[in-house]
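Please look through the structure below before reading on.

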Amino acid sequence: MAFEIIDFHAHPFPDAAHNICAHKDVVPMTEQTIVELYRHLGISKVCGSVIQPGNNEDRWAKIKANNDHALQLRELYGDFYVPGFHIHPDYVEESIAEIDRMSRLGVRLIGELVPYLDDWSESYNSENLSLLLDEAGKHNMIVSFHTQDDDAVDKMVKCHPDVIFVAAHPNERPALLRHIERMKYSDNYYLDISGLGIHRYGMLKRAVDAMGADRILFGTDYPTCNPAIYIGGVLNDERLTDGEKEKIFSLNAKRLLGI
């Protein structure tokens, strides 16, 4: 069975300064080779934000520039790319304006939010972030976020039942079990398989057995990680049915994105 594959978690880059691959010095990479690699692997669409290592002195200027880069890449890639954008709880007015701007431009994906990269002063349970999530809910946004500070994530998800959350990275067994618990009490909570966790044998089977395959999304965190690893981890998992694989590879993402 041939599967359509949508990468729900990637970080395309407009230039070398935004390329977060740890080994880019030995792997030629441009904004064009992104598409070539994905096409070679059979991935038909990618989603995610432009991120930039290091905390600039003017944090909001950095965020706004990265959001503008994502829009420029959408112009370059067309339907191949679903842009994500950043908000920041230390910049409430600016972030609300950015949510409104992106909504008018047809962008519904916030994130992946990575607090340590954008130098947040507080974590996910801050009052300022809560205001921004209220606004995101009004605009029917999807919020992808980097997994950290489980207690804060619990509070964030419980306080915003009208927001679709996609947690990045299953991580090790204790973190995966926390993800599963959130999925049990919050049907607006999804998990993408990017980053640490997929290499642990049985991880996907545990998650599917606990919650079904309807809220698990294929993600790679490219160019940090090798997309082929994640394709193989789903495609060759003999404990998953073809129907479960299809949901993970693309059907769940298509339902969330309305495509």
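**A serine and its surroundings**

The side chain of Ser-123 makes a polar contact with the side chain of Asp-149, at 3.2 Å. This is a predicted model, and the points below are grouped by topic.

**More on Ser-123, and a proline for contrast**

- Ser-123 sits in the loop that runs between helix H4 (115-118) and helix H5 (127-138), and it counts as buried because its relative accessibility is 13%, where the cut-off for buried is under 20%.
- When its neighbours within four places in sequence are left aside, Ser-123 is in contact with Leu-129, Gln-148, Asp-149 and Ala-152.
- Pro-28 is found in the loop between strand E1 (5-7) and helix H1 (31-41), and this proline is exposed because its relative accessible area is 72%, where exposed means over 50%.
- The C-alpha atoms of Pro-28 and Glu-238 are separated by 34 Å, and the two residues are 210 residues apart along the chain.

**Salt bridges**

- Side chains of opposite charge can pair when their charged atoms come close.
- A search of the whole structure finds 18 salt bridges, and one of them joins the side chains of Asp-118 and Lys-62, at 3.3 Å from N to O.
- Asp-118 lies in helix H4 and Lys-62 in helix H2 (residues 59-77), so this pair ties together parts that are 56 residues apart in sequence, and both Asp-118 and Lys-62 are buried.
- Arg-178 forms a salt bridge with Asp-154, in which the closest N and O atoms are 2.6 Å apart; because Arg-178 belongs to helix H7 (residues 173-185) and Asp-154 to helix H6 (residues 150-159), the pair ties together parts 24 residues apart in sequence.
- Asp-154 also meets Arg-182 in a salt bridge between their side chains, at 2.6 Å from N to O, and this pair links helix H6 with helix H7 across 28 residues.
- Salt bridges that share partners join Asp-150, Asp-151, Asp-154, Arg-178 and Arg-182 into one network.

**Pockets**

- The largest pocket has a volume of about 260 Å³, and of the 13 residues that line this pocket, Tyr-81, Val-82, Pro-83, Gly-106 and Ile-259 lie nearest its centre.
- Strand E3 (residues 81-85) gives the largest share of that lining, three residues, and by class the lining of the largest pocket has seven nonpolar, two polar and four charged residues.
- The second largest pocket has a volume of about 150 Å³, and its lining residues include His-11, Glu-112, His-146, His-169 and Asp-221.
- By class, the lining of the second largest pocket has six nonpolar, four polar and two charged residues.

Key. Residues are numbered from 1 along each chain as its sequence is written. This is a predicted model: local features need pLDDT of at least 70, side-chain atom pairs count only at pLDDT 80 or more; totals for chains, interfaces and linings use all residues. Side-chain values use heavy atoms; hydrogens and water are left out. On a 1 Å grid over the protein atoms alone, a cavity is a set of points where a 1.4 Å probe fits but cannot get out, and a pocket is an open set with protein on both sides within 12 Å along at least five of seven lines; lining residues have an atom within 4 Å of a point. Grid points are joined across faces, edges and corners, and a volume is the space filled by probe spheres set on the points. Helices (H or I, at least four residues) and strands (E, at least two) are DSSP runs, numbered from the N terminus. Ala, Val, Leu, Ile, Met, Phe, Trp, Tyr, Cys and Pro count as nonpolar, Asp, Glu, Lys and Arg as charged, and the others, Gly among them, as polar. Buried means under 20% relative accessible area, exposed over 50%, partly exposed in between (1.4 Å probe, protein chains only). A polar contact is a pair of N or O atoms within 3.5 Å; within protein, one must be able to donate a hydrogen and the other to accept it, and residues adjacent in sequence count only if both atoms are side-chain atoms. Contact means heavy atoms within 4.5 Å. A salt bridge is a side-chain nitrogen of Lys or Arg within 4 Å of a carboxyl oxygen of Asp or Glu.
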